[in-house]
Amino acid sequence: MAEANQNTNPNPAPSGGETPPNVTIYINNLNEKIKLEELKKSMHAVFSQFGKILEVLAFKTLKHKGQAWVVFEEVSSASNALRQMQGFPFYDKPMRIQYAKTKSDVVAKADGTFVPREKRKRHEDKGRKKKDQQDSNQTGMGLNPAYAGAYGAAPPFSQIPYMGGAKAAVPEAPAPPNSILFVQNLPHQSTPMMLQMLFCQYPGFKEVRMVEAKPGIAFIEYGDEMQSTVAMQALQGFKITAENPMLITYAKK
């Protein structure tokens with residue numbers, strides 16, 4: 001949780017120009033009413049379009065409410081995300097994004113700079129060490145249990161909608177272009193809000209409809225077929241999780 005220390009000074013410059021570009025972006029002005037797990041899943045869904053995400057960090061503490069960190073594999077992904085998502089209306093509040101001021105643990109371990117961080121921890125009090133030990137026991141030595149859990153849950157869940165959608169994936173005759181898209185192979189944990197975040201980026205978006213009895217599918221409505229086609233082409237194959245590339249077709253009427 002050393003990453004959380006970077007937020008002791010949460011006054012991000014809107015342009016993100018003060019801190020050198022790196023793989024981690026810091027986001028604040030997030031809607032504090034959203035549950036932590038839903039926030040993390042939605043953040044992953046929205047930002048994964050820019051590249052592989054290693055970790056999404058958000059914390060329950062009052063000090064860190066309304067804030068999150070997204071750790072990408074590549075600096076270019078973080079840069080594109082910062083530039084394109086600056087001010088994006090996420091749960092009805094414009095996001096403020098800048099580059100993170102310190103590395104996350106997952107990046108520090110990858111580039112070999114995590115050892116000095118451990119040396120600094122030796123100077124901390126014994127009570128902090130006990131807490132860290134309890135945390136590690138609870139999380140099974142995982143860096144971010146919520147993040148790992150989302151991925152760990154995806155393979156078995158994804159089989160359910162995928163099998164159900166397989167029949168529709170090979171239609172006898174594809175539906176002609178129209179304003180409603182049929183989306184298949186969604187991960188079980190998908191929510192209407194997560195899909196809205198993705199599809200509302202494109203002009204003409206109207207609504208998301210999901211069927212509780214049939215997880216893994218959704219209907220997305222646009223103003224006309226030209227608008228729905230633009231969204232389809234942009235998000236075809238988009239992965240909300242690593243195991244679930246979207247399959248988008250026109251809905252049958």
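**Close-up views of a predicted chain**

**View 1. An aromatic trio sits together.** Tyr26, Phe59 and Trp69 make up one aromatic cluster. Rings of Phe, Tyr and Trp (its six-membered ring) are paired here if their centres lie within 6.5 Å, and planes under 30 degrees apart are called stacked, over 60 edge-to-face, and the rest tilted. That rule gives six aromatic pairs. For tyrosine 26 and tryptophan 69, the ring centres are 5.4 Å apart and the planes sit at 45°, so this pair is tilted. Tyrosine 26 belongs to strand β1 (residues 24-28) and tryptophan 69 to strand β3 (residues 67-72), so the pair ties together parts 43 residues apart in sequence. Both tyrosine 26 and tryptophan 69 are buried (under 20% relative accessible area, with exposed meaning over 50% and partly exposed in between; 1.4 Å probe, protein chains only).

A quick note on the model: it is predicted, so local features need pLDDT of at least 70 and side-chain atom pairs count only at pLDDT 80 or more, while totals for chains, interfaces and linings use all residues. Residues are numbered from 1 along each chain as its sequence is written, and side-chain values use heavy atoms, with hydrogens and water left out.

**View 2. Phenylalanine 205 meets tyrosine 222.** With ring centres 5.9 Å apart and planes at 75°, phenylalanine 205 and tyrosine 222 form an edge-to-face pair. Phenylalanine 205 is in strand β8 (residues 205-210) and tyrosine 222 in strand β9 (residues 218-222), so the pair ties together parts 17 residues apart in sequence. Tyrosine 222 has 0% relative accessibility, so it counts as buried.

**View 3. Four strands line up in an open sheet.** The order is β8-β9-β7-β10, with antiparallel pairing; two strands pair if DSSP finds at least two bridges between them. At the edges are β8 and β10 (247-250), each pairing on one side only. Neighbouring strands in this sheet are turned by 25° against each other on average, direction ignored. Strand β7 (residues 180-184) runs antiparallel to β10, and four bridges join them. Phenylalanine 182 has threonine 249 in β10 as its bridge partner.

View 4. Contact here means heavy atoms within 4.5 Å. Helix α8 (residues 225-235) lies across β7, β9 and β10, and runs at about 160° to β10. The axes are lines fitted to C-alpha atoms, for helices over the stretch in contact, and angles run from 0 to 180 degrees between N-to-C directions.

**View 5. Helix α1 is largely enclosed.** Nine of its 12 residues are buried, so the rest of the structure largely encloses α1. Among these buried residues are Leu36, Leu39, Met43 and Phe47. Leaving aside residues up to four places away in sequence, serine 42 touches Phe90, Tyr91 and Met194.

**View 6. The whole chain, for context.** The chain has eight helices and 10 strands, taken as DSSP runs numbered from the N terminus (helices H or I, at least four residues; strands E, at least two). Of its 253 residues, 44% are buried.
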